[in-house]
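Subject: Structure handover

Hi,

Here is the structure for you to look through. My notes follow below it.

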Amino acid sequence: MQRLDKRALNALQPPDFRNESSLASTLKTLLFFTALMIAVPIGLYFTTKSYVFKGAFGMSNRDSYFYAAIVAVVAVHVVLALFVYVAWNEGSRQWREGKQD
């Protein structure tokens, strides 16, 4: 019976907004890396295809597509690695701050 009363009292308390800034920060980080994941590989693909492989190196159309795709795939992996690094550090920072409370 006492457990039920505690649950009812906890349900009536206002939500804890201390984590709202953490949630907003996480959402901003996620949106930033989502934009990077879209813009960087596509931008590098077309830039390297036109200016580097076709223009500077004088490669054929087929070869420039191939090497530009490799550059785009590497860019995806770099952005993903950066996201994991930032998310790992943000989580450990929040854990350390929560532990000191």
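Is glutamate 90 buried or exposed? Glutamate 90 is buried, with a relative accessible area of 12%. Buried means under 20% relative accessible area, exposed means over 50%, and partly exposed is in between (1.4 Å probe, protein chains only).

First, the ground rules. This is a predicted model: local features need pLDDT of at least 70, side-chain atom pairs count only at pLDDT 80 or more, and totals for chains, interfaces and linings use all residues. Residues are numbered from 1 along each chain as its sequence is written, and side-chain values use heavy atoms, with hydrogens and water left out.

**Confidence**

pLDDT is the predictor's confidence in each residue, from 0 to 100. The chain has a mean pLDDT of 83. Of its residues, 71% reach 70 or more. Among the elements, helix H2 (residues 20-56) has the highest mean pLDDT, 93. Helix H1 (residues 2-12) has the lowest, 55. Over residues 14-18 the pLDDT is below 50. That stretch has zero contacts in the model beyond near neighbours in sequence. Contact means heavy atoms within 4.5 Å. Where pLDDT is low, the predicted coordinates should not be read in detail.

**Overall build**

The chain has three helices and zero strands. From the N terminus on, the order is α-α-α. Helices (H or I, at least four residues) and strands (E, at least two) are DSSP runs, numbered from the N terminus. The chain has 101 residues, and 13% of them count as buried. Its accessible surface comes to about 8400 Å². Carbon and sulfur atoms hold 67% of that surface. These areas come from the Shrake-Rupley method with a 1.4 Å probe; for residues, only the protein chains shown count as cover. Take the contacts in the chain with a separation of 6 or more: 59% of them join residues 24 or more positions apart.

**The record**

An unreviewed UniProt entry lists residues 27-46 and 66-88 under "transmembrane region". UniProt positions are given in the numbering used here, feature names are shortened, and annotations may be inferred rather than shown by experiment. In the model, residues 27-46 are 100% helix and 0% strand. The end C-alpha atoms of residues 27-46 are 29 Å apart. Residues 66-88 are also 100% helix and 0% strand. Their end C-alpha atoms lie 33 Å apart.

**Glutamate 90 and threonine 29**

Back to glutamate 90, which is found in helix H3. What does glutamate 90 contact, leaving aside its neighbours within four places in sequence? The residues are Ser25, Thr26 and Thr29. The side chains of glutamate 90 and threonine 26 are joined by a polar contact of 3.1 Å. A polar contact is a pair of N or O atoms within 3.5 Å; within protein, one must be able to donate a hydrogen and the other to accept it, and residues adjacent in sequence count only if both atoms are side-chain atoms.

Threonine 29 sits in helix H2. Threonine 29 is buried, at 16% relative accessible area. Its side chain reaches the backbone oxygen of serine 25 at 2.9 Å. Neighbours within four places in sequence aside, threonine 29 is in contact with Val86 and Glu90.

**Leucine 80**

Leucine 80 is in helix H3 (residues 61-100). Leucine 80 is partly exposed, with a relative accessible area of 42%. Leucine 80 and methionine 37 are 43 residues apart along the chain. Their C-alpha atoms are separated by 7.6 Å.

**The aromatics**

The structure holds six aromatic pairs. The ring centres of phenylalanine 53 and phenylalanine 57 are 6.1 Å apart and the planes are at 40°, so this pair is tilted. Phenylalanine 66 and tyrosine 67 form an edge-to-face pair, 5.2 Å centre to centre with 75° between the planes. Rings of Phe, Tyr and Trp (its six-membered ring) pair if their centres lie within 6.5 Å; planes under 30 degrees apart count as stacked, over 60 as edge-to-face and the rest as tilted.

Phe53, Phe57, Phe66 and Tyr67 form one aromatic cluster. Phenylalanine 53 is buried, at 11% relative accessible area. Phenylalanine 57 is exposed, at 55%. Tyrosine 67 is partly exposed, at 34%.

Valine 52, in helix H2, is partly exposed at 31%. Valine 52 touches Thr47 and Phe57, not counting residues up to four places away in sequence.

Best wishes
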